[in-house]
Amino acid sequence: MTKTTYPLWTQDQAIAYEAALEAINDVIAGYSEQIAVEVSDGAPDAKRIAWLEMRTTQAREVAESLDVTEDATVAQALMEYSAIVVARDRCQHL
């Protein structure tokens, strides 16, 4: 008996999934950088650090929960985290 194999997801799904993970990881890197800046400050803001750590944890959980075949969830994550990256980049250029 021959078993037919085929991809479990499409190329478009894989591309969207990878783009979403890249956006999430970019956000995590940005939060990590902000934490490092805050920690190295002479008077670090503990509440800001805690908020940034919470957001980092949240982003990691989103990345871990993504399923390449769940198109709507992947699209939502890509939209939300890409928007955070764009907003952050705009602020850095001001």
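**Salt bridges in a predicted model**

Asp 26, Arg 88 and Asp 89 are joined in a network of salt bridges.

Me: What counts as a salt bridge here?
Reply: A side-chain nitrogen of Lys or Arg within 4 Å of a carboxyl oxygen of Asp or Glu. This is a predicted model, where local features need pLDDT of at least 70, side-chain atom pairs count only at pLDDT 80 or more, and totals for chains, interfaces and linings use all residues. Residues are numbered from 1 along each chain as its sequence is written, and side-chain values use heavy atoms, with hydrogens and water left out.

Me: OK, how many salt bridges does the structure hold?
Reply: There are 3.

Me: Which side chain does Asp 26 meet in a salt bridge?
Reply: That of Arg 88, at 2.8 Å from N to O. Arg 88 sits in helix α3 (residues 71–92) and Asp 26 in helix α1 (residues 11–40), so the pair ties together parts 62 residues apart in sequence. Helices here are DSSP runs of H or I, at least four residues, numbered from the N terminus.

Me: And Asp 89, how far apart are the closest N and O atoms there?
Reply: 3.4 Å, in its salt bridge with Arg 88.

Me: Is Arg 88 buried or exposed?
Reply: Buried, at 18% relative accessibility. Buried means under 20% relative accessible area, exposed over 50%, and partly exposed in between (1.4 Å probe, protein chains only). Asp 26 is partly exposed at 30%, and Asp 89 is partly exposed at 28%.

Me: Switching topic, what does Glu 38 pair with?
Reply: Arg 48, in a salt bridge of 3.8 Å, N to O. Glu 38 is in helix α1 and Arg 48 in helix α2 (residues 46–65), so this pair links parts 10 residues apart in sequence. Glu 38 is buried at 13%, while Arg 48 is partly exposed at 33%.

Note on methods: Helix = DSSP H or I, 4+ residues; strand = E, 2+ residues; numbered from the N terminus.
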